[in-house]
Amino acid sequence: MAYRTVLIAAAALAVVSMACGVTFNIPMDRIVTGPVVYEDIQIPVPDAEEVELTLNFGAGKLELQGGAKDALISGEAAYNVADFKPRFSMEGNHVKLETGDLEINGIPRLSDEVRNEWDLKLGETPLLLTINAGAYQGDFDLGGVPLKSLTISDGAADVRLRFSEPNPVVMDTLRYSTGASNLRLSDLANANFEHFIFRSGFGNYTLDFSGQLQRDADVSIQAGASQLKIIAPAGFNVRLTIKGGLTNVETQGEWQGSGDEYRLMGGGPTLTITVEMGAGNLQLLTQQSD
C-alpha cells in the first residue's frame, strides 16, 4: 500500500457544497491505496411496480446503461481504496447503492493511482432514479430504460448523458443540477419528459434535443457565466425565451428571431424553453452535432 496525496480543487468545493450531498470519510491530506478489487454487483428487483433508486457516487468514473437481465442492477465495481467499497440497502421499493461510508467536507480530486469505477446496467423495472455524485467522469446511455423521473446532482463533473432510444414510459420531470462542469446531454427528446429543469454554475454545456418528441414539453434553464449550446432538429416546433443579462446569442440553421425570443417552425408537439443566464454565450443550432 502507498499513501497518496488528495488534491482539493477550491472552486469545485464551492459548487459541490451546493450541488451534491455526497461526502467522504477519508483524511483530507492522505488516502491509502492497495490492490484493485473487482466486485460483482447484482441487486434483485424488489416486489414493486416501480422502484425509487438512488445512486450515491463520490469521485471516480461511473458508467450506466440499460440491459440488466433478471436484476434491478447488474455490473462491476473496481476500486483500490477500502472506503470505496460499494454497499446497498433495500427497504420496500426504496433501493440505494453508494460508495462506502465516507465523510469529509469536500470532494477530492483523485490522482491517477486512485481507482474507483462503477460499470452498471439497469433492468426493465420502471424507475424513479436519483444520481448524486461529486467530481467524476460519467458516461450514461439511458436509452430504453423505463424512467418515470430522473434527478442528477453533481459537482465538478465531465459527463456524457444520452438517450439512444425512446423512454418507454412518460417521465414526469428530468432535473439536472451541476457545478463547474463539462456536460453534453444528447437525444433529450427520447427521454419522453414533460418537464426538464437544468441548473448550473460555470461551465460548458450542450443540450441536444434530438430524438422523438412525443408530447408538448417545457424546459427551464438557469446557468451562470457559461458556454451554453442548444441543439434542436429542423422540423421541431420550438419556442425559446431568454431572461437575465445574457447579451451574446448566435444562431445557425433554421432558428428565427432576435433579442429575447427565438423560434423553430415545425410540426408536432411544442418544446417551450426558457433560458436565464447572468452572462455567457448562447448558441442555437439545428444541426445534429458540433
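Student: Which residues form one aromatic cluster?

Tutor: This is a predicted model, in which local features need pLDDT of at least 70 and side-chain atom pairs count only at pLDDT 80 or more, while totals for chains, interfaces and linings use all residues. Residues are numbered from 1 along each chain as its sequence is written, and side-chain values use heavy atoms, with hydrogens and water left out. Rings of Phe, Tyr and Trp (its six-membered ring) pair if their centres lie within 6.5 Å, and planes under 30 degrees apart count as stacked, over 60 as edge-to-face and the rest as tilted. A search of the whole structure finds seven aromatic pairs, and one cluster is formed by Tyr 176, Phe 193, Phe 196, Phe 198, Tyr 205 and Phe 209.

Student: Is the pair of Phe 193 and Phe 196 stacked, edge-to-face or tilted?

Tutor: A pair of aromatic rings is described by the distance of the centres and the angle of the planes. For Phe 193 and Phe 196 the centres are 5.6 Å apart and the planes stand at 55 degrees, so the pair is tilted.

Student: And how is the pair of Phe 196 and Phe 198 classed?

Tutor: Here the ring centres of Phe 196 and Phe 198 are 6.3 Å apart. Their planes meet at 65 degrees, so this pair is edge-to-face.

Student: Is Phe 196 buried or exposed, and what is its relative accessible area?

Tutor: Buried means under 20% relative accessible area, exposed over 50%, and partly exposed in between, with a 1.4 Å probe and protein chains only. Phe 193 is buried, and Phe 198 is buried as well. Phe 196 is also buried, and its relative accessible area is 0%.

Student: Which residues is Phe 196 in contact with, leaving aside its neighbours within four places in sequence?

Tutor: Contact means heavy atoms within 4.5 Å. The C-alpha atoms of Phe 196 and Val 219, which are 23 residues apart along the chain, are separated by 4.7 Å. With the neighbours within four places set aside, the contacts of Phe 196 are Leu 174, Tyr 176, Leu 185, Leu 188, Leu 207, Phe 209, Asp 218, Val 219 and Ser 220.

Student: Which are the edge strands of the open sheet of 12 strands?

Tutor: The order of this open sheet is 8-9-5-12-14-16-18-20-26-22-25-24, and its pairing is mixed. An edge strand here pairs on one side only, and this applies to strand 8 (86–91) and strand 24 (256–258).

Student: How many of the seven residues of strand 7 are buried?

Tutor: Strand 7 (residues 73–79) is joined by seven bridges to strand 4 (residues 37–43), running antiparallel, with Glu 39 opposite Ala 77. Strand 7 also pairs with strand 11 (residues 116–122) in the antiparallel sense over seven bridges, where Ala 78 stands opposite Glu 117. Strand 7 is mostly covered, and the number of its residues that are buried is six.

How values were computed: Two strands pair if DSSP finds at least two bridges between them. Helices (H or I, at least four residues) and strands (E, at least two) are DSSP runs, numbered from the N terminus.
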